[in-house]
Amino acid sequence: MKAGLYFHIPFCVRKCAYCDFYSVSDTTSQKAYFEAMHREMEAYRGKQIPVDSVFIGGGTPSVADETEIAKLLKKARDIFDFASDTEITIELNPKTFDEKKLLVYRDAGVNRVSMGLQSANNDELKKLGRIHTAAEFLASYQLLRKMGFTNINADMMYGLPDSSIETLEKTLTFLKQLDCEHISAYALTLDENSPLYQQGYIFPDDDGVYEQYQLVCEMLSQYRHYEISNFTKDGKEPCRHNFKYWTRAPYIGFGAAAHSFFEEQRFFNPASITEYVGGAYARTPQIISGQDALFEEIMLSLRTDLGIKIEKLPDSFWTKNQKMIESYRQNGLLMIDKESIRLTEQGFFVSNAIISSFQTEID
Ligand code: SF4
């Protein structure tokens, strides 16, 4: 199985009110940070690892100097064995790039772009602390098209502060008119202590969020709903890189807070630019085997519309879970056929509860 590479670029214009990704707004360490990523990649030189996806995420990679992104990709090609059709995605935010940056990305081989809209309602964007309006997102999107990008994902969220079915409908209508190849729709989940939660906004309750999720599924019904939060235009490939996370394919992450799964081991870097630049990427791997591997396989596969292959499940799983599986099936949460078990769209919404209810101890 070919590997994916992930590069974490932890710089943003400013912190959004809901964000728990590792990112900072101070870019003074940028040069040293990229140099550290080059050093980290060197550990893989000579191993001839085949790669067919790259994801440059963050943070906001477009805040970084575009020539650093190009140099990073050049180095990655030098060290890893890239397939000729490698999917190379970069995450961008509206207002953080121009034609010149896009030309550099394109020349470096970037062929997929992921950009955050989150909402088409400016008051929601403001509450979220986003740096752009809906019109500015549109202008950035049009620039991407003008510069020849033909594979674009837009991120959106539901369950937003003071949101309603009407505000969500506006966002979905806006997105549908763009006709992007891929849409990621996430439920906003907040800790009760988070600053956004404490500002006194009204958040939809569980039933309200479910109603919003149903509207997302309904309005994107011409897209393939291939993962809990991901939709791809009919006939278009899902995000090849992200699909690796859900199928236990190998991926190697570089940069602060980056995670990896390689040779059946999981390891991660510290969420600190200072520590990372200081060389703290000698990781302690966690070997995943036996029962843990089975639980991962079930948990990850059920996130996708392909589900889990029945042949992968040991007999003891059936003995212990048959009644529960049957009850989920009768309640329309799960489908089962000769080859696989899959969650329905309704099941996707409560996937955490379903997955954690399974007994996966191997006898
Ligand atoms: S742009 Fe993205 S990574 Fe940066 S703070 Fe906002 S949500 Fe977080």
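**A hairpin to begin with**

Author: Happy to! This is a predicted model. Let's begin with β7 and strand β8 (residues 230–233), which run antiparallel and are joined by four bridges.

Reader: How many residues sit between β7 and β8 in the hairpin?

Author: Two residues lie between β7 and β8 in that hairpin.

Reader: And which residue in β8 does His 225 stand opposite?

Author: His 225 stands opposite Phe 231 in β8.

Reader: Nice. New topic: what domains does the chain have?

Author: The domain assignment gives domain 1 (3–246) and domain 2 (290–363). Their C-alpha centres lie 29 Å apart.

Reader: How many residues of each are in contact?

Author: Eight residues of domain 1 are in contact with nine residues of domain 2. On the domain 1 side, α7 (206–219) and β7 (223–227) each supply at least two of the touching residues. By type, that side of domain 1 has six nonpolar residues, one polar and one charged.

Reader: What about the sheet with β13 in it, what's the strand order there?

Author: The order is β13-β15-β14, in an open sheet of three strands with antiparallel pairing. β13 (308–309) and β14 (334–336) are the edge strands, each pairing on one side only. Two bridges connect β13 with strand β15 (residues 340–343), and Ile 308 has Ile 341 in β15 as its bridge partner.

Reader: Which helix packs on that sheet?

Author: That is helix α11 (residues 315–330), which touches β14 and β15. The direction of α11 makes about 110° with that of β14.

Reader: Let's jump to helices α1 and α2. What angle do they pack at?

Author: Helix α1 (residues 30–42) and helix α2 (residues 66–79) pack at about 5°, and their axes are 10 Å apart. Angles under 35 degrees count as roughly parallel, so α1 is roughly parallel to α2.

Reader: Which residues make the contact?

Author: From α1 come Gln 30, Phe 34, Met 37, His 38 and Met 41, and from α2 come Glu 68, Leu 72, Lys 75, Ala 76 and Ile 79. Sorted by type, the residues of this contact are six nonpolar, two polar and two charged.

Reader: Last one: which residues are around the ligand?

Author: Around the ligand you'll find Cys 12, Lys 15, Cys 16, Cys 19, Phe 21, Ser 23, Gly 58, Gly 59, Thr 60 and Asn 93. Four residues of that shell are nonpolar, five are polar and one is charged.

Definitions and conventions: Residues are numbered from 1 along each chain as its sequence is written. This is a predicted model: local features need pLDDT of at least 70, side-chain atom pairs count only at pLDDT 80 or more; totals for chains, interfaces and linings use all residues. A residue is near a molecule or strand if its C-beta atom, placed from the backbone, lies within 6 Å of it. Ala, Val, Leu, Ile, Met, Phe, Trp, Tyr, Cys and Pro count as nonpolar, Asp, Glu, Lys and Arg as charged, and the others, Gly among them, as polar. Axes are lines fitted to C-alpha atoms, for helices over the stretch in contact, and angles run from 0 to 180 degrees between N-to-C directions. Angles under 35 degrees count as roughly parallel, over 145 as roughly antiparallel, 65 to 115 as roughly perpendicular and the rest as oblique. Two residues are in contact if their C-beta atoms, placed from the backbone, lie within 7 Å. Domain bounds come from an automatic or database domain assignment. Two strands pair if DSSP finds at least two bridges between them.
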